[in-house]
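User: I would like to go through a structure together. Could you guide me?

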Amino acid sequence: MSGLQTLELANLRFGFASLLYAPINIIYLPTILVSEKLGEAGLEVLRAFGNLECAYNLTPEELCLKISACDSLIVRSGTKVTRQVFEASKGRLKVVGRAGVGIDNVDLQAATEFGCLVVNAPTANTVAAAEHGIALLTSMARNVAQADASMKAGLWKRNKYVGVSLVGKTLAVMGFGKVGSEVARRAKGLGMHVIAHDPYAPADKARAIGVDLVSFDQAISTADFVSLHMPLTPTTSKVFNDNTFSKMKKGVRIINVARGGVIDEDALVRALDSGVVAQAALDVFTEEPPSKESKLVQHENVTVTPHLGASTKEAQEGVAIEIAEAVVGALQGELSATAVNAPMVPPEVMSELSPYVVLAEKLGKLAVQLVAGGSGITSVRVVYKSARDPDDLDTRLLRAMITKGIIEPISTSFINLVNADFVAKQKGLRISEEKVTVDSSPEFPVDSIQVHISNVDSKFASSVSENGSISIEGKVKYGEPHLTCLGSFGVDVSLEGNLILCRQIDQPGMIGKVGNILGTHNVNVSFMSVGRTILKKAIMAIGVDEEPSKETLTKIGDVSAIEEFVFLKL
């Protein structure tokens, strides 16, 4: 495979760690560079395995000079591991370890292209982050920081700093993963009523600790306190904005120990000034460190800390041990459950499967967008139809890409062949597979892929099959992914760009009516197709280049013959 092809398929690279490189043997001691401070317990693990060098505060140029003599690099959030670093390593760098969760400072595409595994330490700081969230919650409610500053200024203002009680108040936990669930446990102990929103959280997990799973709008509109624990993704970027704050109870209080970018900081200042948001307690910011002139940081009703969520002695030691063991294991050629990228499969396998890999991810993305808010996804069934013997069809890569399509849009998890099953299990997502032999050409590895999501509500009722599950099917046609079945409707839809699906009464002029609405609002249509049933119903699929405005979508929904519609991003 050429270098250009390798780059184009960077996001499709999967494989076992042992396919990337031979494990380090006892004759050759690897060199491990630690570029930021790491707990001593972790350093001891590394010293016992290889040649350890600790060099802090390196400039980008100094890092590039050193890296060609290193087999592994361990960083925290301050070191930028750029493409230039991987180029300077000249192929020697085998593992990058990120001591923490976020990997924004590591160029994952470059790492994969240069055959370098990236691992992180996602679990050791869970309790520390949850404790800090509770600390901010309680200190904000009782104005601890403001009262402390006032007394140190020589003042005694008891009446000014009257707080609010937590008992009986409703806390909305936005993101019910590791940290969010731990915050919920602690808030319950404080006598709070806890609700949560997370489309992937199993309902039984929430019920076990007395938490109700609700929709996004229900959570923000009923809560007295809102604690954010969601990842920063394109979907969640600035999800807390003017529109979101306008739906909240007047006097709501916000806590954020997750990612700064999920809040539109200018909108939060406006909400604070208007009194919609009474107070905010923030540990993270869109830009870190924030500007000294930041209106948000300087606001009298805002309590701030400098990203201290994971900053306890115990968490720092735990992270150090977790990342050290992950790096040593990877250098020994072991599979890592915390790998956030993965090495390539053999080029000939990738070449054959690449169009089906794209189809699998697209089907996962489409299926998850059909699930109504508040429904927890716990069970997915995948059916592969092929002319080949089931034993000859390795579906691990396809299953991983379906998992990727379902989970990644609202998660910081990076799904690959190494960690797909691990992440799915963490999310409470059970994926079962079935291989069906069909009479088609054995020249192609897969005839079609079906995805069925059961025990959920659907945004688009027409996607629900006779057995009550959301059901979609796709094929590769002319090298491109196509949707061929939606619920009980046969369709032929290219899975590219954005898609509007409409269920309508099958009558003349519908394509013209909808096309005219889109054209009037300057929305370019790439294709339209219609699939019919014997009941004079039809599914109209419309490909559009950009996301239509809410006004445009409302007008489509107002067409009398259209019974339901949904907009999907692919």
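Predicted model: local features only at pLDDT ≥ 70, side-chain atom pairs only at ≥ 80, totals over all residues.

User: What is the strand order in the open sheet of five strands?

Analyst: The order is E2-E1-E3-E4-E5, with parallel pairing. Strands are DSSP runs (E, at least two residues; helices are H or I, at least four), numbered from the N terminus, and two strands pair if DSSP finds at least two bridges between them.

User: Which strands stand at the edges?

Analyst: Strands E2 (51-54) and E5 (117-120) do; each has a single partner strand, so one side of each lacks a neighbour in the sheet.

User: How many bridges join E1 to E2?

Analyst: Four bridges join E1 (residues 31-34) to E2. Thr31 has Asn51 in E2 as its bridge partner.

User: Now the cores. Which residues touch the most other members of the largest one?

Analyst: Ile377 and Ile449 do, in a core of 51 residues. A nonpolar core is a set of buried (under 20% relative accessible area, 1.4 Å probe, protein chains only) Ala, Val, Leu, Ile, Met, Phe, Trp, Tyr and Cys residues joined through side-chain atoms within 4.5 Å.

User: Which helix gives the most to this core?

Analyst: Helix H16 (residues 347-369) does, with nine residues. A second, separate core has 28 residues, including Met230 and Phe285.

Notes. Residues numbered from 1 in each chain as written. Heavy atoms only, no water. Buried < 20%, exposed > 50% of the residue type's maximum accessible area, 1.4 Å probe, protein only.
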